[in-house]
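Work through the exercises below with the model in view. Each task is followed by its solution.

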Amino acid sequence: MELKIKKNKKGKINVISSPNAWRKYAPPQNPKKQWVDGRSAKTLAEYVFKNEEKDFCHTIEGVLASLNLNTPQSFKCEPEAKTPFPQSWGTRGARSHDLKMIGDTDLIICIEAKVDEPFGEKLSTKRRDAEKKNADGGKNMNLRIDSILDFLYPKGKPLNAEGLMYQLLSATAGTILEAKEKGKSNAIALFVVFKTNNKTSKNGFAINNSKYKEFCRSLGLSSDGGAIDIDGIKCWIKKVDIDFD
């Protein structure tokens, strides 16, 4: 399996062949806070290039095998890739994937990586914070959240919806939308959680694992994940835990 990692920056296609190049051409939104040791953006970049990408490629191959999917010969990859949300979901809405992987088969993978960070905020907290910060009283965020819920739960949102974590929902919705945009009918919303010996990280890992299971069950899946079919896209929801120090 070959990875071709590139980023279009200011109209120029830049090849990314190291964590330093990742940082240069595809930095997170707030590099000073997010591109540091032990945080997901830098950790994912380091993991992708660890042992000349072999560990990461083996992880992806293992995920595909567990889902009975064939491994593409190559992936076109883009870090910090944005998927716009429909305008009907509110203004200024987009999903930023830590890494988007477009296979040379009918498959796309969008990755959300975590170390000791939570999967964002609970929906109720996201709504409350938006109401406090935004002049529109949080109407745009409420519209976005409600639109994501309607998209992922067409038969009606679950009773525990407001306790679900925003990034789990937005990452899954963004993966499906990206698959539609790229003409792929198979997609994987892949959550990569790095485990370290840090006490804070262990606590964060336990919380994330619980919230992930809660999200999967809300979709009618097993607590380990599974596949949902939305708008002609079959999207697998999968989490992998990586020991990484």
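**Exercise 1: Elements and overall form**

The protein chain holds eight helices and eight strands, where helices (H or I, at least four residues) and strands (E, at least two) are DSSP runs numbered from the N terminus. This is a predicted model, in which local features need pLDDT of at least 70, side-chain atom pairs count only at pLDDT 80 or more, and totals for chains, interfaces and linings use all residues. Residues are numbered from 1 along each chain as its sequence is written, and side-chain values use heavy atoms, with hydrogens and water left out.

Task: compare the radius of gyration of the protein chain with that of a compact globule.

Solution. The radius is taken over C-alpha atoms, and the globule rule is 2.2 Å times the number of residues to the power 0.38. For 245 residues the rule gives a value near 18 Å; the protein chain has 17 Å, which agrees. Along its principal axes, the C-alpha trace spans about 45 × 40 × 40 Å.

**Exercise 2: Burial**

Task: state what share of the 245 residues is buried.

Solution. Buried means under 20% relative accessible area (1.4 Å probe, protein chains only). Buried residues make up 52% of the protein chain.

**Exercise 3: Helix α7**

Task: check the span of helix α7 (residues 166-182), then its burial.

Solution. The expected span is 1.5 Å times one less than the number of residues. For the 17 residues of α7 this comes to 24 Å, and the end C-alpha atoms are 24 Å apart, which agrees. Next, 13 of the 17 residues are buried, so α7 is largely enclosed by the rest of the structure. Just after α7, glycine 183 has a positive phi of about 70 degrees.

Note on methods:
Buried means under 20% relative accessible area, exposed over 50%, partly exposed in between (1.4 Å probe, protein chains only).
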